[in-house]
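Subject: Structure handover, with notes on what was found

Dear colleague,

I am passing the structure below on to you, and my notes follow directly after it. Please read them with the structure open beside you.

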Amino acid sequence: MHATILEKEGYSIKYQFHAGATKPYVVGNGNGIAVAKIAGTNDPASSIVQVRQDARILRYCDGLDFVPKLYQFKEIETDCGKYAYLIREHLEGKDIYDINYVSAGLLRQLELQIRTLHEMGIAGLDLAIISVETGICFAHNVIVQAGTPFLYDFGRSKHLVDLKKEEFDREKDEDWAEFSYILNTRKD
Ligand SMILES: Nc1ncnc2c1ncn2[C@@H]1O[C@H](COP(=O)(O)OP(=O)(O)OP(=O)(O)O)[C@@H](O)[C@H]1O
Ligand SMILES: [Mg+2]
């Protein structure tokens with residue numbers, strides 16, 4: 001259904017990612033490719049909310065060179081219910097968790113990016129969600145493209161205007177704890 005809707009909206013489906021709750025698609029958008037993240041009323045309740053929030057935060061990030069561009073965000077009503085989708089720039093690269101060791105320089109870059117987003121009032125970046133039982137890390141929200149880290153999934157991120165200061169500070173602390181995890185497990 002999701003693929004059909006995207007096709008009706010004028011995108012050609014290239015393939016689907018099998019990661020993430022929404023399993024985004026790589027789509028053709030005229031002259032190149034892009035990533036489509038789509039959720040509908042039949043998906044888990046939080047999904048549409050997350051696509052909407054992802055698009056909202058991507059819009060705030062417009063102009064940052066470490067965040068993919070948002071090309072489109074749309075909410076549509078169909079016979080099968082309501083859908084929300086976003087189209088964002090495709091990143092050519094590898095997930096930071098699929099790289100065994102990354103340079104100190106890259107980690108310093110990531111640290112600066114997190115600081116920049118916090119200063120813009122954006123936190124809760126889901127850099128790493130670690131299972132208490134197994135120690136396995138689940139979040140995969142940093143892609144390394146041409147040696148530079150990119151942050152692209154803001155579905156569960158928060159903006160300062162929506163939270164009390166203590167709540168925002170807690171989100172920031174969590175980001176730093178997750179960054180430490182990356183630092184400790186990925187440092188060259
Ligand atoms: N712009 C992009 N460029 C390249 N790959 C991408 C891009 N956006 C998403 N992906 C791939 O799709 C996967 C899932 O994307 P994303 O994290 O946005 O979905 P999600 O449903 O929000 O996942 P979750 O909420 O579980 O983190 C990513 O792990 C990544 O492999
Ligand atoms: Mg993700």
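Although A146 is not a glycine, its phi is positive, at about 45°, and the residue lies in the loop between β8 and β9. This is a predicted model, in which local features need pLDDT of at least 70 and side-chain atom pairs count only at pLDDT 80 or more, while totals for chains, interfaces and linings use all residues. Residues are numbered from 1 along each chain as its sequence is written, and chains are lettered from A and ligands numbered from 1 in the order in which they are written.

The strand and helix names come from DSSP runs numbered from the N terminus, where a helix is a run of H or I of at least four residues and a strand is a run of E of at least two. Two strands are said to pair if DSSP finds at least two bridges between them.

The sheet around A146

The strands β8 and β9 form a hairpin with two residues between them, and A146 sits in that turn. Strand β8, which covers residues 142-145, pairs with β9 in the antiparallel sense over four bridges; in β9, V142 has L151 as its bridge partner, and Q145 has T148. On its other pairing, β8 meets β6 in the antiparallel sense over two bridges, and D95 has I143 in β8 as its bridge partner. Together these three strands make an open sheet in the order β6-β8-β9, with antiparallel pairing, and its edge strands are β6 (94-95) and β9 (148-151), each of which pairs on one side only.

Helix α3 (residues 104-119) lies across β8 and β9 and runs at about 30° to β9; such angles run from 0 to 180 degrees between N-to-C directions, and the axes are lines fitted to C-alpha atoms, for helices over the stretch in contact. Two residues are in contact if their C-beta atoms, placed from the backbone, lie within 7 Å.

D126 is another residue that has a positive phi, of about 50°, although it is not a glycine. D126 is placed in the loop between β7 (122-123) and β8, and it counts as partly exposed because it has 19 C-beta neighbours inside 10 Å.

The five-stranded sheet

Five strands form an open sheet in the order β1-β2-β3-β5-β4, with antiparallel pairing. Its edge strands, β1 (12-16) and β4 (70-78), each pair on one side only, and neighbouring strands of this sheet are turned by 30° against each other on average, direction ignored. Helix α2 (residues 46-60) packs on the sheet and touches β3, β4 and β5 (81-89), its direction making about 35° with that of β5.

Within this sheet, four bridges join β2 (residues 25-28) to β3 (residues 33-40), and V27 has A34 in β3 as its bridge partner. Strands β3 and β5 pair over seven bridges, with I38 standing opposite Y85 in β5. Eight bridges join β4 to β5, E77 stands opposite K82 in β5, and a hairpin through two residues joins β4 to β5.

Helix α4

How far apart are the end C-alpha atoms of helix α4? They are 31 Å apart, which agrees with the 32 Å that the 22 residues of α4 (residues 165-186) should span at 1.5 Å a residue, the expected span being 1.5 Å times one less than the number of residues.

The buried residues of α4 include F168, K172, D175, E178, F179 and I182. Seen down the axis of α4, its buried residues fall within an arc of 120°, so they line one face of the helix; the arc is that of the directions from the helix axis to the C-beta atoms. The elements that cover these buried residues include α3, β7 and β10 (158-159), whereas the face turned away from the buried side carries the exposed residues E166, D173, A177, S180 and N184.

Technical notes. Buried ≥ 20, exposed ≤ 12 C-beta atoms within 10 Å, placed from the backbone.
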